[in-house]
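These are my notebook entries on a structure that I looked through by segment and by residue. The structure under study is shown first.

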Amino acid sequence: MPKSKRSKVVHMTQVNKKTREHKQRLFGNIRDAVSQYQRCFVFSVDNMRNTHFKGLRQELPDSRLFLGKTKLMTAALGRDPEHACADGIHALTPYIRGTVGLLFTNRPSDAILSHLTNLLKIDFARAGAVAPRSFTIPYGAVYATAGEVPAEYDVPIGHTIEPELRRLGVPVRMVKGRVVLEEGPDAAAAAAQSGEGGGYVVCREGDVLDSRQTRLLKIFGVCLAEFKIRVLAHWSAATGEVTPVDPQAMDGVEEDENNEESD
């Protein structure tokens, strides 16, 4: 039977490539913001999440935030005194490396630093993140949070989740309508040797998480990622000086030219 011409694969994740006009517009917007605002902050983002970043924009409606390619942002500010678009602002360019952005505002520096320092959002970890702590599913009846809260305040996990847990490598089975993780014959010896409590180890502290581990963590509602803003340095138009804030956050950071462009 001939193949139907109507059968076509459509990639829903396909996005349009940034055009030269878009880059020129972002370049111009950054330069315009330098003349419109009194202060410019360079910040880095830990565990970037678009939802939380959009919330930050809403919290600072009188300011402007930019994310873009580091070379473009560096060129917009000026790499040296000769090409700087304002006095002293070129001194920010050494901090524009990795996943960073620019915040332009007229608010006092102390108010912005306090706001960004206290901004912390907990979220589910994604593949490639480093686990800040270990997580183990205890033996016995499997609960919705797998021991994260006391059993009297928890509920048994739904039986519809059991097939997915097995697909993800967790040795569970149904016993009298409940999902149960049974202790294997060598489990006690392995637990004693590792020094960990009995159960199925999903991840250990320091592990680089893969997609299977992050899915298990999400099933049990375990959030290991923190969306956090770190201010690296800021510039003042009044003095033309750059004040370092947290330069240690740049340690080990390499140039990243794949940042999402937005303003």
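I take buried as under 20% relative accessible area, exposed as over 50% and partly exposed as in between, with a 1.4 Å probe and protein chains only. The model is predicted, and I required pLDDT of at least 70 for local features and 80 or more for side-chain atom pairs, while totals for chains, interfaces and linings use all residues. Residues are numbered from 1 along each chain as its sequence is written, and side-chain values use heavy atoms, with hydrogens and water left out.

Entry: helix 2.
I took helices (H or I, at least four residues) and strands (E, at least two) as DSSP runs, numbered from the N terminus. Which residues of helix 2 are buried? In helix 2, residues 50-59, I found His 52, Phe 53 and Leu 56 buried. Viewed down the helix axis, these buried residues fall within an arc of 100 degrees, so they line one face of helix 2; the arc is that of the directions from the helix axis to the C-beta atoms. I recall that an α-helix has 3.6 residues a turn, so residues three or four places apart point the same way. Thr 51, Lys 54 and Gln 58 are exposed on the other side of helix 2. For contact I used heavy atoms within 4.5 Å. The cover over the buried residues of helix 2 includes strand 1 (39-46), strand 2 (64-67), helix 4 (109-117), strand 4 (120-123) and strand 10 (225-236).

Entry: salt bridges.
I counted a salt bridge where a side-chain nitrogen of Lys or Arg lies within 4 Å of a carboxyl oxygen of Asp or Glu. The structure holds nine salt bridges. One of them joins Arg 230 to Asp 46, with the closest N and O atoms 2.6 Å apart. This pair links distant parts of the chain, Arg 230 being in strand 10 and Asp 46 in strand 1, 184 residues apart. Arg 230 is partly exposed at 30% relative accessible area, and Asp 46 is partly exposed at 22%.

I next looked up Glu 148, which forms a salt bridge with Arg 133 at 2.8 Å between the closest N and O atoms. Glu 148 lies in the loop between strand 6 (140-141) and helix 5 (162-167), and Arg 133 in the loop between strand 4 and strand 5 (135-137), 15 residues apart. Glu 148 is partly exposed at 38%, and Arg 133 is partly exposed at 33% relative accessibility.

Glu 226 pairs with Lys 228 in a salt bridge, the closest N and O atoms being 3.6 Å apart.

Entry: positive phi.
Where is Ala 146 found? Ala 146 is in the loop between strand 6 and helix 5; although not a glycine, Ala 146 has a positive phi of about 50 degrees. Ala 146 is buried, with a relative accessible area of 4%. Lys 176, also not a glycine, has a positive phi of about 55 degrees. Lys 176 sits in the loop between strand 7 (172-175) and strand 8 (178-181) and is exposed at 85% relative accessible area.
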